[in-house]
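Please look over the sequence and model shown here. A short report follows them.

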Amino acid sequence: AGQPYGIDPRTLETREIDTLGGILQPGLPFSASSSVLDQLMAKTLDSLGVSSTAPDGTHLGGDAFSAHPHVCPYTDRLVTYSYSIRLKRQGLQFGLETMITLYEFDEDFKLVSSSDYALDGYAFMHDFQ
């Protein structure tokens, strides 16, 4: 899972990150749940030479998108997901939470529905069935 890129249909050259019309947030799929901490961590990653796809440096709070969407055999709709990890605080304790969004697209790749879910802990997702 990662962020999808547009591809030129004529030359097959890679274009920029495709947020699917604003459905996905650009950036690495992690957030400290604080814009100040996210900016500090992004600057730290940039200073360490962590690769960034954004011309203006690393951003946090993005969505990772499934590498393997599936077509529902009953509806012929494309079903897929995105996820992001965020730091959550409960009192004086910190933990991780995985935010998952399930998507359903029609044959014209228009969003039909989406549903959000929160899971405790870190869930690295690559595929689903």
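## Model and confidence

This is a predicted model: local features need pLDDT of at least 70, side-chain atom pairs count only at pLDDT 80 or more, and totals for chains, interfaces and linings use all residues. Residues are numbered from 1 along each chain as its sequence is written, and side-chain values use heavy atoms, with hydrogens and water left out.

The protein averages a pLDDT of 88 (the predictor's confidence in each residue, from 0 to 100). At least 70 is reached by 95% of the residues. Confidence is highest in S8, at 95, and lowest in helix H1 (residues 35-47), at a mean of 86. Helices (H or I, at least four residues) and strands (E, at least two) are DSSP runs, numbered from the N terminus.

## Strand pairing

Strand S6 (residues 78-90) runs antiparallel to strand S7 (residues 93-105), and 13 bridges join them. Two strands pair if DSSP finds at least two bridges between them. Ile 85 stands opposite Thr 98 in S7. The hairpin of S6 and S7 has two residues between the strands, and Gly 91 takes a positive phi near 65° there.

S7 also pairs with strand S8 (residues 111-120), again in the antiparallel sense, over nine bridges. Here Met 99 faces Ala 118 in S8, standing opposite. Five residues lie between the strands in the hairpin of S7 and S8, where Phe 109 has a positive phi near 60°.

## Salt bridges

The whole structure holds four salt bridges (a side-chain nitrogen of Lys or Arg within 4 Å of a carboxyl oxygen of Asp or Glu). One of them joins Arg 86 and Glu 97, at 2.8 Å from N to O. Arg 86 lies in strand S6 and Glu 97 in strand S7, so this pair ties together parts that are eleven residues apart in sequence. Glu 97 is buried, at 12% relative accessible area, while Arg 86 is partly exposed at 33%. Buried means under 20% relative accessible area, exposed over 50%, and partly exposed in between (1.4 Å probe, protein chains only).

Arg 77 and Glu 104 form another salt bridge, with their closest N and O atoms 3.3 Å apart. This pair links distant parts of the chain: Arg 77 is in the loop between strand S5 (70-71) and S6, Glu 104 is in strand S7, and they are 27 residues apart. Glu 104 is buried at 19%; Arg 77 is partly exposed at 29%. Asp 8 meets Arg 15 in a salt bridge of 3.3 Å, N to O. Asp 8 is buried at 17% relative accessibility, and Arg 15 is partly exposed at 42%.

## Cores and surface

The largest nonpolar core has six residues: Ala 64, Tyr 81, Tyr 83, Ile 85, Ile 100 and Met 125. S6 gives the most to this core, with three residues. A second, separate core has five residues, among them Leu 24, Phe 65, Tyr 103 and Phe 105. A nonpolar core is a set of buried Ala, Val, Leu, Ile, Met, Phe, Trp, Tyr and Cys residues joined through side-chain atoms within 4.5 Å.

Tyr 122 sits in the segment after S8.
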